[in-house]
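Morning, everyone. Please take a look at the model on the screen, and I'll walk you through a few local features.

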Amino acid sequence: MSAPDDHRWLDAAAALAARGRPLSRPNPAVGAVLVRGKGVVVGRGWTQAGGRPHAEAEALAQAGAQAAGATLYVTLEPCAHASARGPACADLVAAARPARVVIGCTDPDPRTAGAGIARLREHGIAVEVLDSPAARASLAGYLLRQTAGRPHTTLKLATSLDGRIALANGESQWITGPQARAHVHAERARADAILVGGGTLRADAPRLDVRLPGLEQRSPERWVLTRGAAPAGWQGVADIAAPGAFGLTQYLFVEGGAGAAATFLAADRVDRLLLYRAPIVIGDGVPCIGDIGFAHLGEAHGRWRLNAQQRLGSDLLEVYHRTR
């Protein structure tokens with residue numbers, strides 16, 4: 001039976017998991033917290049750069065002997081498969097002898113699915129699986145890659161109030177202000193890969209890097225939507241729906257332009273929409289999205305849910321999630 005604070009501690013583990021993204025790739029960014037008694041944290045961890053050590057190993061190492069009899073909260077089922085890079089987390093946890101393990105999400109990887117839980121129970125450890133929204137959200141990219149073979153995709157649009165991304169002559173720098181642009185760079189730092197359309201690449205030659213102090217090393221891989229050859233330093237993709245089109249990418253950030261945005265929306269491959277709106281009206285200019293194939297207005301309704309909004313200087317950010 002779950003304890004009253006179980007979801008709260010899983011939320012805390014999910015917050016820790018965010019520290020591992022995206023440097024944990026190709027492994028999922030997992031968070032773990034070890035708690036004793038009435039809320040005393042004795043160990044915590046998140047997946048480290050390159051995927052090792054895992055979150056559980058970090059938390060157990062920090063807790064030492066205090067792990068015995070504690071409760072381990074972990075966002076993803078502890079791995080059960082052998083690896084040349086380190087021991088299975090299910091074995092590490094079993095050896096540490098916590099009293100309980102509370103898991104926020106089972107692992108769809110067939111090498112572990114259910115086996116990690118079974119191994120812990122075989123060693124007499126009580127295991128509870130809670131369907132934690134926070135844990136699932138923190139693992140969205142990994143879960144989609146495992147179950148659907150594609151990355152979790154965020155589409156970013158920076159527009160005027162009338163939905164334009166540039167003047168009619170093509171001038172687009174800058175629609176939004178410095179605070180909104182800094183926020184975009186922070187979002188880039190959380191992605192494995194960033195994509196623009198071929199037209200945007202040719203017209204703007206964007207750098208697509210992260211230019212926030214201290215986060216420069218988190219610049220994502222650069223991808224271009226094109227049927228031709230990708231330039232040096234870029235990877236090209238022609239068919240976004242092709243199996244394995246983005247390899248091991250878990251989090252994809254689509255920045256533009258209108259054609260690329262339309263391609264992903266028409267294919268229903270956008271999971272999260274970031275809409276940055278500046279308090280300006282442009283009039284006749286470049287629309288933010290091209291045709292996405294709707295024949296009837298009813299097809300557009302019921303697809304998006306407003307998840308959050310915030311003011312960034314004079315601009316407004318709205319975050320929408322795709323309803324599935």
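The axes of H3 and H4 come within 9 Å and cross at roughly 20°. Axes here are lines fitted to C-alpha atoms over the stretch in contact, with angles from 0 to 180 degrees between N-to-C directions. That makes H3 roughly parallel to H4, a label for angles under 35 degrees. Helices are DSSP runs (H or I, at least four residues) and strands are too (E, at least two), numbered from the N terminus.

A word on the source. This is a predicted model: local features need pLDDT of at least 70, side-chain atom pairs count only at pLDDT 80 or more, and totals for chains, interfaces and linings use all residues. Residues are numbered from 1 along each chain as its sequence is written, and side-chain values use heavy atoms, without hydrogens or water.

Who touches whom? From H3, Ala 90, Asp 91, Val 93 and Ala 94 meet Gly 116, Arg 119 and Leu 120 of H4. Contact means heavy atoms within 4.5 Å.

Now H4 itself, residues 115–122. Its buried residues are Gly 116, Ile 117 and Leu 120; buried means under 20% relative accessible area, exposed over 50%, partly exposed in between (1.4 Å probe, protein chains only). They pack against H3, strand S4 and strand S5. Just after H4, Gly 124 has a positive phi of about 80°.

Arg 97 is not a glycine, yet its phi is positive, about 60°. At 42% relative accessibility, Arg 97 is partly exposed.

Last, a cis peptide bond joins Arg 25 and Pro 26, with omega about 5°.

Technical notes. Parallel < 35°, antiparallel > 145°, perpendicular 65-115°, else oblique.
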